[in-house]
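Subject: Handover of a structure

Dear colleague,

Please find below the structure that I am passing on to you. My notes on it follow directly after.

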Amino acid sequence: MKNGLTIAIICAATSGIAMADTVDARYTGIAGGSNASHLQVEGGTYRAGHMNHEFTSGSRDGETFATFCIDFAESAYTTDTTFQIVDIADAPMPGTPYGQTIANQINAVVANAAALGWIDNNLQADTEQADYLAKMGAVQAAVWEAFGSNVQINDSRTNNSLANYYNILTDAQTFDSSLRLNGLRAIVAEGQQDMLYVVPLPPAAFAGLGMLGGIAGIRSARRRK
């Protein structure tokens, strides 16, 4: 009974944020600008990498964050936009929802990039790390491929450095498809490209976990389900 109550608290906390909240932000440009890695995909050459945004309201107004695009049907614009926070499986909006299988594939890509140390668990990165732009381009390429885009890594118009890191990230011998980033969601808005977004677990939820037996008990309960 105790474990079941704990699980209910977590589900209520995370699903409430994921499905009901919004975030006001604006796109400010791709990391590296014209120097961002080039990738041949869907019959055209695109700049691929970290998509920079700025919060435009709330307690984080003016703060910036970087993320990755999960929507090839629309463009990113610098207008102030109210994004809905939804499960990746329910993105894109508008459009046909990806479903859980594709959502898992997208999550596995960024989780493996985090395991390599290229990004952290909030999708942010040390911009001074070696080959930052190429690594972020590789992550974006793998994300686009995860939801079905025709990514052409070996095309002459794809940067060699991006292709190199893409091959490292997706290496079948090391890629762990079971890895996940906790709290990974999508921010979606009509007329804007949809992006990945990490929602932290509220502090109150952590307090509840402590009183009801801790995270280990939750994991054990889940395994028994």
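Strands here are DSSP runs of E with at least two residues, helices are runs of H or I with at least four residues, and both are numbered from the N terminus; two strands pair if DSSP finds at least two bridges between them. The model is predicted, so local features need pLDDT of at least 70 and side-chain atom pairs count only at pLDDT 80 or more, while totals for chains, interfaces and linings use all residues. Residues are numbered from 1 along each chain as its sequence is written, and side-chain values use heavy atoms, with hydrogens and water left out.

Six strands make up an open sheet in the order 5-4-1-6-8-9, with antiparallel pairing. At its edges are strand 5 (64-67) and strand 9 (195-198), each of which pairs on one side only. From one strand to the next, the twist averages 45°, with axes taken as lines fitted to C-alpha atoms and angles running from 0 to 180 degrees between N-to-C directions. Within this order, five bridges link strand 1 (residues 22-30) to strand 4 (residues 51-55) in the antiparallel sense. Arg 26 stands opposite Glu 54 in strand 4.

A further open sheet has three strands in the order 3-2-7, and its pairing is antiparallel. Strand 3 (44-48) and strand 7 (151-152) are at the edges with a single partner strand each, so one side of each is left without a neighbour in the sheet. Strand 2 (residues 37-41) runs antiparallel to strand 3 and is joined to it by five bridges. Here Gln 40 lies opposite Thr 45 in strand 3.

Just after helix 3, Gly 148 has a positive phi of about 105°.

Leu 123 itself is buried, with a relative accessible area of 1%. Its contacts (heavy atoms within 4.5 Å), leaving aside neighbours within four places in sequence, include His 50, Phe 68, Val 110, Leu 181 and Leu 196. The C-alpha atoms of Leu 123 and Leu 196 are separated by 8.5 Å, although these residues are 73 residues apart along the chain.

With kind regards

Note on methods:
Buried < 20%, exposed > 50% of the residue type's maximum accessible area, 1.4 Å probe, protein only.
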